[in-house]
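Hi there,

Here is the structure I promised to pass on.

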Amino acid sequence: MKRTKSRAALWAASIVSCMVFASPSSAETWPSRSINMIVPFPAGGGADTLARLMAGPIMQELGQTIVIENRPGAGGNIGSATASRAEPNGYTLAYATNGTQAINHWLYKNTGFSRTDFEPISRLTTIAAAVVVNPDEPYQNLTDLLAAARAKPGVLTCGSAGNGTTSHLACELLKQMTGVNIVHIPYKGGAAAMTDLMGGRLSLLIDVMPNVAPQIKAKRLRALAVTTDERLASNPDIPTVAEAGVPGYSFFAWDALYAPKGTPSAVLDKMNATVRKVLADPTVRAQLEERGAQPAPTTREGLRTFSNEEYERLGKLVRASGAVID
């Protein structure tokens with residue numbers, strides 16, 4: 001009986017030993033097959049464009065294909081929930097934003113996932129937004145727009161991609177800091193708001209640069225100001241909101257990469273190093289900056305700290321806006 005127990009103990013010890021020593025080896029050979037990157041937004045949109053811009057060079061560095069899987073819906077909650085339930089083996093990445101990792105957890109009663117369901121890899125970029133109007137409007141600068149809003153309270157309208165979205169909160173912050181009465185008009189997505197702005201049915205829109213930059217370049221929209229602390233290298237002629245007459249105004253969006261909770265640390269470290277190398281590449285940086293996205297990689301813990309701070313900062317704006325989605 002004792003001999004049987006002894007043999008069982010030896011077998012158990014050898015299995016544990018194999019598991020311990022196999023771990024580094026599997027991390028060293030990762031990735032050995034294609035990686036799935038879940039993007040919780042529609043194909044062709046601003047977030048999808050940035051995700052694909054990053055996926056290409058990351059794929060080259062890792063030597064494996066990255067398959068983009070668009071899972072849009074509920075402001076990014078559907079795709080994020082799907083990613084949170086994936087096997088934590090290093091072959092599923094979650095593309096995330098300030099919406100999915102911060103805003104939505106104040107906005108929705110049930111997102112279908114928790115912020116702690118993920119392991120942080122790295123922030124990718126910080127993303128400027130721009131205050132844009134139809135070029136047929138008389139407003140040549142932000143001062144003109146705010147003067148019109150003060151002269152006609154409740155007449156001007158600010159569109160957004162929906163309640164609690166980046167475009168909504170950026171507009172709410174402008175209203176709070178200036179005291180103007182501009183009516184918020186939520187749409188089911190930024191594309192519909194953009195269509196109405198260009199059609200003359202909205203007064204203004206504050207949306208992220210990846211969405212509005214092509215329209216600004218084509219002169220289908222007039223940019224009055226950017227929402228970041230500094231002007232953009234890609235559009236140095238556009239003043240900041242602070243410069244244009246609202247001191248202290250600052251607002252930006254951001255995106256990042258995460259993996260399902262439990263993904264091996266060695267894999268996460270390798271992925272973080274890869275992201276940082278890719279974002280240091282001048283060609284990649286130029287492509288991102290052209291779209292108003294500033295490369296801003298972090299350490300893994302740096303992203304955790306940053307996203308916790310953003311959760312609180314953006315939560316205050318959501319609460320002040322009164323936006324809630326069941």
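Below is what turned up, starting with a disulfide and moving on to a helix pair and a strand. Please keep in mind that this is a predicted model.

A search of the whole structure finds one disulfide. It joins C158 to C171, with 2.4 Å from S to S. The bond links distant parts of the chain, as C158 sits in strand β6 (residues 157-160) and C171 in helix α6, 13 residues apart. Both C158 and C171 are buried.

Helix α6 (residues 166-178) also packs against helix α11 (residues 300-321), at an angle of about 75° and with the axes 10 Å apart. Angles of 65 to 115 degrees count as roughly perpendicular, and α6 and α11 are therefore roughly perpendicular to each other. On the α6 side, the contact is made by H168, L169, E172, L173 and Q176; α11 contributes L314, L317, V318, A320 and S321. Sorted by class, the residues in this contact are six nonpolar, three polar and one charged.

The strand to look at is β4 (residues 118-127), which is mostly covered, with nine of its 10 residues buried. β4 pairs with two strands that I would point you to:

- Strand β10 (residues 253-260) runs antiparallel to β4, and eight bridges join them. Here I127 stands opposite A253.
- Strand β11 (residues 293-295) pairs with β4 over three bridges, also in the antiparallel sense. In this pairing, T126 stands opposite Q294.

Best wishes

Notes
Residues are numbered from 1 along each chain as its sequence is written. This is a predicted model: local features need pLDDT of at least 70, side-chain atom pairs count only at pLDDT 80 or more; totals for chains, interfaces and linings use all residues. Side-chain values use heavy atoms; hydrogens and water are left out. Axes are lines fitted to C-alpha atoms, for helices over the stretch in contact, and angles run from 0 to 180 degrees between N-to-C directions. Helices (H or I, at least four residues) and strands (E, at least two) are DSSP runs, numbered from the N terminus. Angles under 35 degrees count as roughly parallel, over 145 as roughly antiparallel, 65 to 115 as roughly perpendicular and the rest as oblique. Contact means heavy atoms within 4.5 Å. Ala, Val, Leu, Ile, Met, Phe, Trp, Tyr, Cys and Pro count as nonpolar, Asp, Glu, Lys and Arg as charged, and the others, Gly among them, as polar. Buried means under 20% relative accessible area, exposed over 50%, partly exposed in between (1.4 Å probe, protein chains only). Two strands pair if DSSP finds at least two bridges between them. A disulfide is a pair of cysteine sulfur atoms within 2.5 Å.
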